[in-house]
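Subject: Structure handover

Hi there,

Here is the structure I promised to pass on to you. Please open it alongside this email, and my notes follow just below.

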Amino acid sequence: MDRFKQIETFVQVAEAGSLAAAALKEGVSPVILGRRIDALEKRLGIKLMYRSTRRLALSEEGGAFLERCKQLLGDWDMAENEISAGRHAVSGHLIVSAPAAFGRKHVAPHAPAFLRLHPEVQISFNLTDRVVDIVREGYDMGIRIGGSVDPNFVAVKLAQNRRVVCGTPAYFARHGRPKTLEDLARHNCLAFNLQGGQQRGWYFKRQGKLVTTRVAGNLDCNDGELLHRWALEGLGLGWRSTWEIQRELLSGELETVLDEYALPDYDILAVYPQQRFQPARVRLFIEQLRQIYARPNYWLENG
């Protein structure tokens with residue numbers, strides 16, 4: 001009997017919750033599925049599940065084996081998908097979420113080139129600084145900048161990035177430069193305010209540990225591009241990503257402070273749900289962005 005089919009049947013029955021439900025889905029009799037699982041257990045020499053016609057329960061060994069089998073089947077499906085991607089036209093509806101300013105400058109502008117290569121694809125963007133629930137809200141993928149990623153999602157690094165405190169030379173001439181994190185309390189900090197946002201604090205690394213420093217100021221908003229503009233106007237200190245201020249740092253319009261506390265690895269990521277089948281349109285769009293961002297001087301020329 002096909003060993004792969006035994007494993008596939010074991011996962012189907014475990015996920016369906018009964019032999020009858022799994023058999024109905026596959027269009028065979030429960031007896032056939034039962035024989036496959038019997039053969040699998042006999043070959044392994046382990047009882048994987050206790051079952052009846054109405055319900056089943058996994059043994060401790062069966063629960064652990066189930067997770068490994070699901071991973072195996074997912075890897076198999078991904079391998080098949082990747083090998084067949086070159087033989088079939090990429091098609092379907094790609095729905096992407098991205099931060100507003102970043103998506104406007106560095107994600108959506110690259111869609112036309114992608115569509116020229118893959119004309120059977122349709123792309124929809126939702127550009128928002130709100131952290132969306134990708135699965136619940138029906139997105140294929142999202143672009144994230146820093147932060148933690150749910151373990152149920154795959155995260156692909158698109159480009160390196162850090163989060164730094166910055167201000168104009170004129171601002172520092174008037175107010176001085178903060179030398180410690182505690183000094184931020186005496187500065188006008190331009191904070192992002194959506195759903196609590198940065199008013200809860202700015203994040204730093206001190207002695208290898210993540211710390212939060214509360215900030216305050218006379219201006220805050222829910223738009224990163226506006227915060228960037230206010231910082232350039234010398235209205236206060238910004239906590240900005242290096243991707244958006246590289247040009248101003250090079251020209252001297254902005255300068256960074258507290259670099260020894262800067263949050264590293266606040267990278268630009270593409271995230272999508274872990275699943276047995278990853279559509280080719282998702283994989284190829286992610287790869288296109290990764291290659292574009294890796295071009296020499298991309299961030300300076302497209303700031």
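**The β9-β10 hairpin**

Strand β9 (residues 202-206) and strand β10 (residues 209-213) run antiparallel and are joined by 5 bridges. Within this pair, Phe204 stands opposite Val211 in β10. The two strands make a hairpin with 2 residues between them, and Gln207 in the turn has a positive phi of about 55°. On terms: helices (H or I, at least four residues) and strands (E, at least two) are DSSP runs numbered from the N terminus, and two strands pair if DSSP finds at least two bridges between them.

**Before you go further**

This is a predicted model, in which local features need pLDDT of at least 70 and side-chain atom pairs count only at pLDDT 80 or more, while totals for chains, interfaces and linings use all residues. Residues are numbered from 1 along each chain as its sequence is written, and side-chain values use heavy atoms, with hydrogens and water left out.

Strand β3 (residues 91-98) pairs with β4 in the parallel sense over 8 bridges, and the bridge partner of Ser97 in β4 is Asn126.

Another open sheet of 5 strands runs in the order β11-β8-β12-β7-β13, and the pairing is mixed. At its edges are β11 (220-221) and β13 (255-257), each pairing on one side only. Strand β7 (residues 163-167) and β13 pair in the antiparallel sense over 3 bridges; Gly167 has Glu255 as its bridge partner in β13.

Two helices lie across strands of this sheet. Helix α8 (residues 224-232) lies across β8 (189-192), β11 and β12 (237-241), running at about 175° to β8. Helix α9 (residues 242-251) lies across β7, β12 and β13, at about 115° to β12. Angles run from 0 to 180 degrees between N-to-C directions, and axes are lines fitted to C-alpha atoms, for helices over the stretch in contact. Contact means heavy atoms within 4.5 Å.

**The α1-α2 crossing**

The axes of helix α1 (residues 3-16) and helix α2 (residues 19-26) come within 8 Å and cross at roughly 120°. Lys5, Gln12, Val13 and Ala16 in α1 meet Leu19, Ala21, Ala22 and Glu26 in α2. By class, the residues of this contact divide into 5 nonpolar, 1 polar and 2 charged (Ala, Val, Leu, Ile, Met, Phe, Trp, Tyr, Cys and Pro count as nonpolar, Asp, Glu, Lys and Arg as charged, and the others, Gly among them, as polar).

Lys5 counts as partly exposed, at 26% relative accessibility (buried means under 20% relative accessible area, exposed over 50%, partly exposed in between, with a 1.4 Å probe and protein chains only). Leaving aside neighbours within four places in sequence, Lys5 is in contact with Glu26 and Arg36.

**Cysteines**

How many disulfides does a search of the whole structure find? The search finds 0, a disulfide being a pair of cysteine sulfur atoms within 2.5 Å. The sulfur of Cys166 is too far for a bond, because the closest cysteine sulfur, in Cys189, is 11 Å away. Cys166 counts as buried at 0% relative accessibility, and Cys69 counts as buried at 3%.

Best wishes
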